[in-house]
Amino acid sequence: MIASIAMFDTYSGNYEDAPEAAELKGAFLCTAEDIVSSYLGFDPKQQEHADVVVSGTGSRRLYLPCRNITVVQALTVGTAAVDMSLVAACDDHIRFVDHTTKFPVGEDNIRLSYTAGWDAQEMPLVIVVSILRIATLMLSETGGNIGLTGKSFADNSRTFVNYSNYRKYLQPLDSLRILGF
């Protein structure tokens, strides 16, 4: 998990530690992580991607459905293996180091293996906080609030918060999203 139960306890202020409560909190964190990953368009946890097949676009850059690409282990264009010293890993793409070589246009003509994502200590805090916020909203629903709660003010006005719509809590992640894959 990206966010730990200890972090969740601190963020939510709920320190209940019965086995059932810990299991439920773990389920909330996993569900919130799935919601965030789905919104981002990729799993932000560091992992190796082996034998990924993609299509060349005729560009010097090859965009991949992930972020924080750190290492490209292998790259084959058509049937020819590419020397890794000719390729640089960038945030969401790889590129040829020289300015003339391009990935040839073609369908499923490139095979590569690479490592992308962040380990727990390097995870962008906006991802961690978004997971904690959504998990805390799920926790608040278990107290009898079924997706909606209200707050009264001194001037007798009330405001309502819809807890089931996570869009507001996902918007800070927009700069990390990958669209179009």
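This is a predicted model: local features need pLDDT of at least 70, side-chain atom pairs count only at pLDDT 80 or more; totals for chains, interfaces and linings use all residues.

Q: How does one read the length of helix 2?
A: One compares an expected span with the distance between the end C-alpha atoms. Helix 2 comprises 22 residues (residues 19-40), and at 1.5 Å a residue they should span 32 Å. The end C-alpha atoms of helix 2 are 31 Å apart, which agrees. Just after helix 2, Gly-41 has a positive phi of about 90°.

Q: Where do the buried residues of helix 2 fall when seen down its axis?
A: Burial is judged by relative accessible area, with under 20% as the cut-off for buried. In helix 2 the buried residues are Ala-21, Lys-25, Gly-26, Phe-28, Leu-29, Ala-32, Glu-33, Val-36, Ser-37, Tyr-39 and Leu-40. Down the axis of helix 2 they fall within an arc of 165°, so they line one face of the helix. The face turned away from this buried side carries Pro-19, Glu-20, Glu-23, Asp-34 and Ser-38, which are exposed. Among what covers the buried residues of helix 2 are helix 1 (5-12), helix 3 (125-141) and helix 4 (167-170).

Q: At what angle do helix 1 and helix 2 pack?
A: The reading takes the angle together with the distance between the axes. Helix 1 and helix 2 pack at about 90°, and their axes are 10 Å apart. Angles of 65 to 115 degrees count as roughly perpendicular, and helix 1 and helix 2 are therefore roughly perpendicular to each other. Ile-5, Phe-8 and Asp-9 of helix 1 make the contact with Ala-22, Lys-25, Gly-26, Phe-28 and Leu-29 of helix 2.

Q: What does Met-1 touch, not counting residues up to four places away in sequence?
A: Here one looks beyond the sequence neighbours. Met-1, in the segment before helix 1, touches Gly-26, Leu-29, Cys-30 and Glu-33 on that basis. The C-alpha atoms of Met-1 and Cys-30 are separated by 6.8 Å, although these residues are 29 residues apart along the chain.

Q: Is Thr-136 buried or exposed?
A: The cut-off of under 20% applies again. Thr-136 lies in helix 3 and counts as buried, at 19% relative accessibility. Leaving aside neighbours within four places in sequence, Thr-136 is in contact with Phe-8, Tyr-11 and Ser-12.

Q: Where is Leu-112 found, and what does it touch, not counting residues up to four places away in sequence?
A: One places the residue in its element, then lists its contacts. Leu-112 is in strand 7 (residues 106-116) and counts as buried at 1% relative accessibility. Not counting residues up to four places away in sequence, Leu-112 touches His-49, Ala-50, Asp-51, Val-52, Val-54, Leu-64, Ala-74, Leu-75 and Ile-94. Leu-112 and Ala-74 are 38 residues apart along the chain, yet their C-alpha atoms are separated by 5.3 Å.

Q: Which residues other than glycine have a positive phi?
A: One notes the phi value, then the setting of the residue. Examples include Asn-68, with phi near 60°, and Asp-108, with phi near 50°. Asn-68 lies in the loop between strand 2 (61-63) and strand 3 (71-77) and is buried, with a relative accessible area of 19%. Asp-108 lies in strand 7 and is partly exposed, at 48%.

Q: How many helices and strands does the chain have?
A: The chain has four helices and nine strands. Along the sequence the pattern is α-α-β-β-β-β-β-β-β-α-β-β-α. Of its 181 residues, 37% count as buried.

How values were computed. Residues are numbered from 1 along each chain as its sequence is written. Side-chain values use heavy atoms; hydrogens and water are left out. Helices (H or I, at least four residues) and strands (E, at least two) are DSSP runs, numbered from the N terminus. The expected span of a helix is 1.5 Å times one less than its number of residues. Buried means under 20% relative accessible area, exposed over 50%, partly exposed in between (1.4 Å probe, protein chains only). The arc is that of the directions from the helix axis to the C-beta atoms. Contact means heavy atoms within 4.5 Å. Axes are lines fitted to C-alpha atoms, for helices over the stretch in contact, and angles run from 0 to 180 degrees between N-to-C directions. Angles under 35 degrees count as roughly parallel, over 145 as roughly antiparallel, 65 to 115 as roughly perpendicular and the rest as oblique.
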